[in-house]
Amino acid sequence: PALRMRRSGATLLGCCVAFITLMPHTVDSEYSGKVVNVDRENLDATLSTGVWLLHVSEGNNPKCAQVQTVIESLADIYRDKLGVASLDTDADQVSAGRFFIYKFPTIILINEGAVYYHP
């Protein structure tokens with residue numbers, strides 16, 4: 001199924017931490033504890049089930065590089081509860097366009113294919 005977009009009025013990262021901590025989720029062992037690189041080939045198949053944190057970045061943006069280290073830590077800390085994925089807009093502008101991204105870095109929470117992001 002295609003991903004569905006929803007806007008969240010609260011601070012996304014705070015909501016993510018509360019959601020991850022309070023809800024009983026499990027992550028496929030194939031993705032547990034690592035950042036999965038997604039692109040137009042595997043985006044829907046990978047992110048359509050479970051709870052995912054998607055980091056959308058630009059290749060040479062220094063702020064994106066800083067956030068990437070935090071994203072990698074989150075993948076390790078929440079290895080059993082959260083899937084963590086990364087989308088590089090330099091490599092795949094089509095997939096980034098689906099999310100209407102205009103600032104970098106952007107972090108998106110995806111729960112069972114529903115996309116939550118802060119405008």
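This is a predicted model: local features need pLDDT of at least 70, side-chain atom pairs count only at pLDDT 80 or more; totals for chains, interfaces and linings use all residues.

Cys64, Gln68, Ile71, Leu74 and Ala75 are the buried residues of helix 3. Viewed down the helix axis, these buried residues fall within an arc of 125°, so they line one face of the helix.

As for its dimensions, helix 3 has 16 residues and spans 23 Å from its first C-alpha to its last, close to the 22 Å expected at 1.5 Å a residue. At the start of the helix, a side-chain oxygen of Asn61 comes to within 2.9 Å of the backbone nitrogen of Lys63.

What do the buried residues of helix 3 pack against?

| Partner of the buried residues of helix 3 | Residues |
|---|---|
| Strand 2 | 35–37 |
| Strand 3 | 51–57 |
| Strand 4 | 83–88 |
| Strand 5 | 106–111 |

Is Gln68 buried or exposed? Gln68 counts as buried because its relative accessible area is 18%, and the cut-off for buried is under 20%. The side chain of Gln68 makes a polar contact of 2.8 Å with that of His55. Beyond its neighbours within four places in sequence, Gln68 touches Val35, His55 and Ser86.

The largest nonpolar core has 16 residues, and Leu54 and Ile108 have the most contacts inside it. Two or more residues each come from helix 2 (43–47), strand 3, strand 4, strand 5 and strand 6 (114–117). Strand 3 provides the largest share, 3 residues. Another core, of 9 residues, lies apart from this one and includes Leu53, Tyr78, Leu82 and Val84.

Finally, the fold as a whole. The protein has 4 helices and 6 strands, and along the sequence they follow the pattern β-α-β-α-β-α-β-α-β-β. Of its 119 residues, 40% count as buried. Among contacts with a separation of 6 or more, 82% are between residues 24 or more positions apart. The accessible surface comes to about 6600 Å², and carbon and sulfur atoms account for 53% of that area.

Key
Residues are numbered from 1 along each chain as its sequence is written. Side-chain values use heavy atoms; hydrogens and water are left out. Buried means under 20% relative accessible area, exposed over 50%, partly exposed in between (1.4 Å probe, protein chains only). A polar contact is a pair of N or O atoms within 3.5 Å; within protein, one must be able to donate a hydrogen and the other to accept it, and residues adjacent in sequence count only if both atoms are side-chain atoms. Contact means heavy atoms within 4.5 Å. Accessible areas come from the Shrake-Rupley method with a 1.4 Å probe; for residues, only the protein chains shown count as cover. The expected span of a helix is 1.5 Å times one less than its number of residues. The arc is that of the directions from the helix axis to the C-beta atoms. A nonpolar core is a set of buried Ala, Val, Leu, Ile, Met, Phe, Trp, Tyr and Cys residues joined through side-chain atoms within 4.5 Å.
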